[in-house]
Amino acid sequence: MSPSRGGPRSDRPKRRTFTAAYKKRILNEYDGLTESGERGALLRREGLYHSHIQKWREAQEQGAREALGGKPTGRPAASETDTDNERLRRENERLAAELARTKAALEVVGKAHALLELISGSADSGKKPSR
């Protein structure tokens, strides 16, 4: 192999590509054939396989569906901002509930402390000082 050829695989056949106009022309011609064996003769003449026709027709139908579809169906995807807002809203609700529980607990502890001081003060005043 000469070094000017490219690479170790440069001698392999190249994959064929077809233009949209060619595909459309072949599909129209294929669909117009009705006699027995005409479709096979077209494929042999052009060096194509039936799978080419199937894939091209499927792509054509998919394009038509997309063109007729208009708006996409289903629920629109949430943006990153909406997702963050929802996460922060839930966190805010959780923290507000936790704060309310903490305030209630502090209120109970404060009342218990006041009650204990009251009991302690009355217990101290009931004793007679010993000298």
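**Note on a surface patch and an aromatic cluster**

1. In this predicted model, Leu 115, Leu 116, Leu 118 and Ile 119 make a nonpolar surface patch of about 420 Å². One of these residues, Leu 115, has its place in helix H4, which covers residues 80-126. Leu 115 has a relative accessible area of 48% and is therefore partly exposed, since the exposed class begins over 50%.

2. Turning to the aromatic side chains, the structure holds 3 aromatic pairs. One of them is formed by Phe 18 and Trp 56, whose rings are arranged edge-to-face, at 5.2 Å centre to centre and with 70° between the planes. This pair links distant parts of the chain, given that Phe 18 is in the segment before helix H1 (20-32) whereas Trp 56 is in helix H3 (residues 50-69), 38 residues apart.

3. Trp 56 also forms an aromatic pair with Tyr 22, again described as edge-to-face, with 6.2 Å centre to centre and 80° between the planes. Because Tyr 22 lies in helix H1 and Trp 56 in helix H3, this pair ties together parts that are 34 residues apart in sequence.

4. Phe 18, by contrast, counts as partly exposed because its relative accessibility is 21%, and the buried class requires a value under 20%.

5. Taken together, Phe 18, Tyr 22 and Trp 56 form one aromatic cluster, in which Trp 56 is paired edge-to-face with Phe 18 and with Tyr 22.

Conventions. Residues numbered from 1 in each chain as written. Heavy atoms only, no water. Patch = residues over 30% accessible without salt bridge, like charges linked within 9 Å, V, L, I, M, F, W, Y side chains within 5 Å. Areas by Shrake-Rupley, 256 points an atom, 1.4 Å probe, with all protein chains shown as cover. Salt bridge = Lys/Arg side-chain N within 4 Å of Asp/Glu carboxyl O. Helix = DSSP H or I, 4+ residues; strand = E, 2+ residues; numbered from the N terminus. Buried < 20%, exposed > 50% of the residue type's maximum accessible area, 1.4 Å probe, protein only. Phe/Tyr/Trp six-rings, centres within 6.5 Å; stacked < 30°, edge-to-face > 60°.
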